[in-house]
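Take a walk through this structure.

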Amino acid sequence: MSQFHHTPVLPTELVAALQIKPQGCYLDCTVGGGGHSKLVLEQEDNIELVAIDQDAQAIAAAQANLRNYPVQFWQGNFADYQPLTKFDGIFADLGVSSAQLDLPERGFSFREPAPLDMRMDQSQPLTAAEIVNHWAEQDLVQLFFDWGEERFSRRIVRQILAQRPILTTTALAQAIAQAVPSSYRHGRIHPATRVFQALRIAVNQELSALEQLLGLAPQWLNPGGRLVIISFHSLEDRLVKHSFRQHPELGVITKKPIVAAELEIRQNPRSRSAKLRIAQKHSNYQHLSEQEIGLTHC
């Protein structure tokens, strides 16, 4: 099995956004390999940090990476977390990590043949294979259209139904490619990308969990505390943007999302689609200037 490794996106921008202070208390809702958490812990003395992830492999990697720091770990979905303290900053790097994509056996990627899994929490029963092979036609069409924003969802589902059972990632990707027009097959992204996104969201209940987090996190913050979310597709970013604007306890710091600079994109292509938004729990707060945080906006 490949080693779990993850390069954090927008690292400088996230650290600046949190306004980390000595003896502060912070919550990493998606610790992954611990990259963002390590940067936070290095900023000031006596930082307290709670690290969450539902992926057991991620927790193990983070424990190794953060072994020299006093971190509390909690394995599970961040929507189910019940804190015992208030935080000066809460942050989350949403979506699938590069480490999960690089482990073929996890089934997140169609680069290599692998079981259709896609579970971040491998103890849960629902897999992508269950959805692909057993959900009704209209449910699949709606899933791919709503959560994959896939305009050829009906054609793709008809092809899937004709080829069931589909048991591997590459077999599903091939079925999708066969269903769409040839011009679509040679577009900027692989034609299976949106369907795989929709399946991953459904398997892991990502949007409902994010919605719960956005509703709960402001209650977990100290006055003046920051909530920083990095998202990777429009469905997530839209949820974050509207929740920040509508929540009565929050003030929006970023009118537009912060995106990666060209240098980071060249070094870490995954950062190309990352969008970082910041909100602050109501108290007297000031907007950071772009020079202070080194921002790049969409």
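Trp 74 has a relative accessibility of 29%, so it counts as partly exposed. That value falls between the cut-offs of 20% for buried and 50% for exposed. Tyr 81 has 10%, so this residue counts as buried. Keep in mind that the model is predicted.

Now look at the rings. The whole structure holds 4 aromatic pairs. Trp 74 and Tyr 81 make an edge-to-face pair, because their planes stand at 65°, and the cut-off for this class is over 60 degrees. Their ring centres lie 5.3 Å apart. Together with Trp 220, Trp 74 and Tyr 81 form one aromatic cluster.

Phe 152 and Tyr 184 also pair edge-to-face, with 4.8 Å from centre to centre and 70° between the planes. This pair links distant parts of the chain. Phe 152 lies in the loop between H6 and H7, while Tyr 184 belongs to helix H9, 32 residues apart. Both Phe 152 and Tyr 184 are buried.

The charged end of Arg 270 sits over the ring of Phe 232, 4.2 Å from the ring centre.

Next, the cores. The largest nonpolar core has 32 residues. Leu 116, Met 118, Phe 144, Ile 156, Leu 172 and Leu 199 touch the most other members. Helices H5, H6, H7, H8 and H10 each supply at least two residues of this core. H10 gives the largest share, 6 residues. Beyond its sequence neighbours within four places, Met 118 is in contact with residues including Phe 108, Ala 128, Phe 196 and Leu 199. A second, separate core has 29 residues, among them Ala 17, Ile 59, Phe 91 and Ala 274.

Note on methods
Residues numbered from 1 in each chain as written. Predicted model: local features only at pLDDT ≥ 70, side-chain atom pairs only at ≥ 80, totals over all residues. Heavy atoms only, no water. Core = buried A, V, L, I, M, F, W, Y, C linked by side-chain atoms within 4.5 Å. Buried < 20%, exposed > 50% of the residue type's maximum accessible area, 1.4 Å probe, protein only. Helix = DSSP H or I, 4+ residues; strand = E, 2+ residues; numbered from the N terminus. Contact = heavy atoms within 4.5 Å. Phe/Tyr/Trp six-rings, centres within 6.5 Å; stacked < 30°, edge-to-face > 60°. Lys NZ or Arg CZ within 6 Å of the ring centre and 35° of its normal.
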